Amino acid sequence: MSLNCEKYQALAKLLVQLRSDVSAGEFDKTQLRQRVADLQQLFQREIVPLATADSKELSYQTEISKQLRLLEIDITFFQGARQAATAKTRLQTMSDRLTTLIQYCHAILQQETPEVSED
């Protein structure tokens with residue numbers, strides 16, 4: 001398995017865990033913000049430097065970066081929610097965004113590890 005695949009799998013695993021915690025409501029609001037900041041740092045430090053000539057992967061990286069920034073904004077809105085219904089809506093938005101991020105990681109992984117045909 002290539003180093004790129006390992007990095008994307010690690011990111012996807014953290015995203016899945018965060019989505020699970022968000023869906024279950026098992027987090028502290030300040031801890032949530034820190035976990036997303038850690039995800040952004042991991043992405044910037046470990047994945048962005050993996051230079052690639054593949055324009056699809058670069059497009060996915062751009063989208064992942066954008067979605068991580070939007071996730072941080074979602075957290076800000078969630079923390080400012082005054083009503084339970086609004087907080088619930090914000091949590092669903094975060095969960096949906098995390099699902100999108102996971103799908104991007106899986107798309108890159110499928111691209112990097114195409115099905116091996118047996119001849």
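1. Helices (H or I, at least four residues) and strands (E, at least two) are taken here as DSSP runs and numbered from the N terminus. On that basis the chain has 4 helices and 0 strands, and its elements follow the order α-α-α-α from the N terminus on. The model is predicted, with local features requiring pLDDT of at least 70 and side-chain atom pairs counted only at pLDDT 80 or more, whereas totals for chains, interfaces and linings use all residues. Residues are numbered from 1 along each chain as its sequence is written, and side-chain values use heavy atoms, with hydrogens and water left out.

2. As for overall dimensions, the C-alpha trace of the chain spans about 60 × 30 × 20 Å along its principal axes. Of the 119 residues in the chain, 34% are buried, where buried means under 20% relative accessible area, exposed over 50%, and partly exposed in between (1.4 Å probe, protein chains only). If one takes the contacts (heavy atoms within 4.5 Å) between residues at least 6 apart in sequence, 76% of them join residues at least 24 apart.

3. Helix 4, which covers residues 84–112, has 29 residues and reaches 42 Å from its first C-alpha to its last, close to the 42 Å expected at 1.5 Å a residue; the expected span is 1.5 Å times one less than the number of residues in the helix. Its buried residues include Met94, Leu98, Leu101, Ile102, Cys105, Ile108 and Leu109, and also Ser95, Arg97 and Tyr104.

4. Helix 3, residues 55–80, has 26 residues, and the 38 Å from its first C-alpha to its last is close to the 38 Å expected. Among the buried residues of helix 3 are Ile64, Leu68, Leu71, Ile75 and Phe78, together with Glu57, Gln61 and Asp74.

5. Helix 3 and helix 4 pack at an angle of about 165°, with their axes 10 Å apart; axes are lines fitted to C-alpha atoms, for helices over the stretch in contact, and angles run from 0 to 180 degrees between N-to-C directions. Helix 3 is therefore roughly antiparallel to helix 4, given that angles over 145 degrees count as roughly antiparallel, under 35 as roughly parallel, 65 to 115 as roughly perpendicular and the rest as oblique. Helix 3 passes helix 4 in a left-handed crossing, a term used if the near helix is turned anticlockwise from the far one by less than a right angle, with right-handed used if clockwise.

6. The axes of helix 2 (residues 29–47) and helix 3 come within 10 Å and cross at roughly 165°, so helix 2 and helix 3 are roughly antiparallel to each other. Their crossing is left-handed. The contact involves residues of helix 2 including Leu32, Val36, Leu39 and Phe43, and residues of helix 3 including Ile64, Leu68, Leu71 and Ile75.

7. Leucine 18 lies in helix 1 (residues 3–24) and counts as buried because its relative accessibility is 2%. Leaving aside residues up to four places away in sequence, leucine 18 touches Leu32, Arg35, Val36, Leu39 and Leu98.

8. A search of the whole structure finds 0 disulfides, a disulfide being a pair of cysteine sulfur atoms within 2.5 Å.
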